[in-house]
Amino acid sequence: MSVEFRKDLFADERDDDLNEIGKPTQRQDMLGHVTGRSPFYDDHLFEGLLHMRCVRSPHHHARIRSIDTSEAERLPGVKKVIVGSDVPNNLNALLSLLDFGLDDEPLLSDKKVSYKGEPVAAIVADSERIARDAVAKVRVDWEVLPHVLDVEEAIKPGAPSVNGAYPANKFIYHGKYDHQKLRYGDVDAALRQADHVIEGRYQMSPIEQAPMETCGAIAAPETNDRFVCYTATQGLFFSLGTAAKLLDLSSARLHFIGGTVGGGFGGKVDSLHEPLAILGCMLTGKPCKYMFDREDEMQVGAPRGAERWYITDGVMNDGHIVARKFIGYFDAGAYTRLSSYAIIKGAGHLPGPYTIPNVYADIYCVYTNRTPATAMRGFGITGVDFAIENHMDKVANTVGIDPIELRILNAYRDGDMKAHRREAKNTALIECCQVAAEKSGWQTSDWVKQQSSLSGGGGERGQLPTHTATDQHGFVQDGQSGSYGGGSKRQEKSAYAETAAARAAPPAAAPPLRSMPVAQPPTQPARTPEPVQSAPAPAPATGPTAEPPQPQTRRSPARFSSISGLRRR
Amino acid sequence: MAQKPVQFTLNGEDKAAFASDGQNLLDMLRRGVGDLSPKYGCGQGACGACTVLIDGEPCLSCLTLAETVDGKDVATTSGLSSGSGIHPLQDAFMRNFAAQCGYCTPGMLMAAKALLDRNPQPSRDDVVEAISGNLCRCTGYEPIINAVLEASRSGASQPNG
């Protein structure tokens, strides 16, 4: 098998004495795959295995007046009908294990449902067929509620409240704000001085991961008072912790076996199957399997969340983007799952792989009566990249610049400061653009061919803005950041303190706009970099993204060491 | 529930099982006689992960009633290798990185086996056509197509290499 490596790029940075990296190496599990012996979770056979199917909501949004399971329970072969009150701790948020987000989702809903397909009861029966028959015999008395399926409709006053933990349909970030903020420089001032203001609206749909093996788990009693659980999960310890929490069991009593996953792509982290299979096993004393069939996988399995982005760019005639403003709406569906985290990732990615001196983002994690969203390959990044790159083409068309040249002109380079206040390292957008142009036969100028990520960055481009415009917009009273009492109290206190400080702060004098030395555009006369003005110190920093006083030496606000930080040295 | 006795050969060995009403071949192979190589992917004939050969013809075992294989010859991926050796198709899949998660692989292999058994020197288009009923979500089809072509060149049409 041949693999093409472009050793001409970054040649002086690569050690060529590695034994494995950069060379095709056989998978350790390949022999199992081609002989059909790889042990997927459902390849473990149990005598007397019971099968589980869920009773699901036919409505987007409804209150549960009552659930009548008596007819289903009388069906021969039905071993148990599980409802919400059977779940020891029937409220969870996946990220609560990190104390990030409030518990908002029941394993089996007993009060109301917030999406079509939400489970309200689980049948445990001798066969899958009997379980299906019994599902049809459960009578649920629904009080149908108005629903909302659009992110912007959902956050309007008077919209139906989807999620009990977040009545305004917006996740609360850090216990303080109803959205994730990014503030870097002064976007509004820069937009006023730009030659062009270019706006765009971008919408991405939910996407189902569609693994070949559907999600599922089998739980069985072990002789030592433990439960063994064979599972298709992508996050074995994540699922173990979630099961322990929902079932109020010591994790020492759970024996999880996984690692052979028939495709996941992010869709197998939600840990819905393990706790329910174990609960079925606990309540019957028998091995119990809970698996999605293909229809469940497509209709109920959590997809990549839909995103809507509004982008406003301030662009100079020469193609330099001086300001980029984002308003983003991430459709979490009915429950948080991992969406709040996806947005944190997304905020760190803005404004894309470009060095733009003024960046602003408000990103909302919105609850709607749609299937909850979860992880999928690059979630939090892919959707906004779709928006950004479409917008780059729109900017190129509007300003009349070749789209490759526009990207290279604004590309980040090693040593530049990124909007989330970390230095750009190992950048390669320019080289990617060059190779993409070459491979697609796109004619480029000599200027494009001469550019390099290794030069032209840093210096003034590596400095933080002299001033960042901050605000308290979207501040939430009584905010809580996590499910555990101590953490939320601390958050509440600091939130109040910040409000007081914000009120006390004098209004900031209009600060100078930041500009930066730039890569020379190919067809324009050389642009004289405006000197960075040493402005009088702006008003005391008060907002959540305001800069603390910095020493005069080169600022390096990076908080975390990068695992790839050592590559270029 | 009525149960029907079914006698068939599986990879050359005599097997007998009871098929319950409406039981499909996939379920009987996996739970009835313990051959776990065919996989459930969709249960509706869309993905090909359950592909087996019945009297040499590729069939979707999830859409085949178990009782209909009475007296027939069923072949699965479990029977591809003999002893310690592996079949040239398996070898070609390994060398061409034609599997990632491995879940579609047994079905792919049987579809490819059916092709090479009736057409030992297939064209690329023949291979594409032969595996067109089998979905793969991770590997991508190129390495699989290359593997089947490579196997055809190494004489995979000969039983067990």
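Colleague: How far apart do the C-alpha centres of domain 1 and domain 2 of chain B lie?

Modeller: The two centres are 21 Å apart. This is a predicted model, in which local features need pLDDT of at least 70, side-chain atom pairs count only at pLDDT 80 or more, and totals for chains, interfaces and linings use all residues, while side-chain values use heavy atoms, leaving out hydrogens and water. Residues are numbered from 1 along each chain as its sequence is written, and chains are lettered from A and ligands numbered from 1 in the order in which they are written.

Colleague: What makes these stretches of chain B "domains"?

Modeller: The bounds come from an automatic or database domain assignment, and for chain B they are 3–79 for domain 1 and 88–153 for domain 2.

Colleague: Why are the two domains of chain B said to be in contact?

Modeller: Contact means heavy atoms within 4.5 Å, and 16 residues of domain 1 and 12 residues of domain 2 of chain B take part, so the word applies here.

Colleague: What does "buried area" stand for, and how much is there between those domains?

Modeller: It is the accessible area (1.4 Å probe) that two parts lose on being put together, summed over both. For the two domains of chain B that comes to about 1100 Å², with carbon and sulfur atoms giving 62%. On the domain 1 side, B:Thr51, B:Leu53 and B:Thr77 supply 40% of the area buried, more than any other three residues.

Colleague: Now to the two chains. How many residues of each are in the contact?

Modeller: Chain A brings 35 residues and chain B brings 37 residues. About 2800 Å² is buried between the chains, and in chain A the residues A:Val34, A:Leu45 and A:Met212 lose the most area, together 24% of what that side buries.

Colleague: Why is the pairing of A:Asp42 and B:Arg30 called a salt bridge?

Modeller: The rule asks for a side-chain nitrogen of Lys or Arg within 4 Å of a carboxyl oxygen of Asp or Glu. Here the closest N and O atoms are 3.6 Å apart, so the pair meets the rule. Across the interface of chain A and chain B the rule finds 4 salt bridges, whereas between the two domains of chain B it finds 0.

Colleague: What makes β4, β2 and β6 of chain A a sheet?

Modeller: Strands are DSSP runs (E, at least two residues), numbered from the N terminus, and two strands pair if DSSP finds at least two bridges between them. Strand β2 (residues 62–68) and β6 of chain A are joined by 6 bridges, so they pair. The 3 strands form an open sheet in the order β4-β2-β6, with antiparallel pairing.

Colleague: Why is one side of β4 and of β6 in chain A left without a neighbour in the sheet?

Modeller: Because β4 (112–113) and β6 (139–144) stand at the edges, each with a single partner strand.

How values were computed: Helix = DSSP H or I, 4+ residues; strand = E, 2+ residues; numbered from the N terminus.
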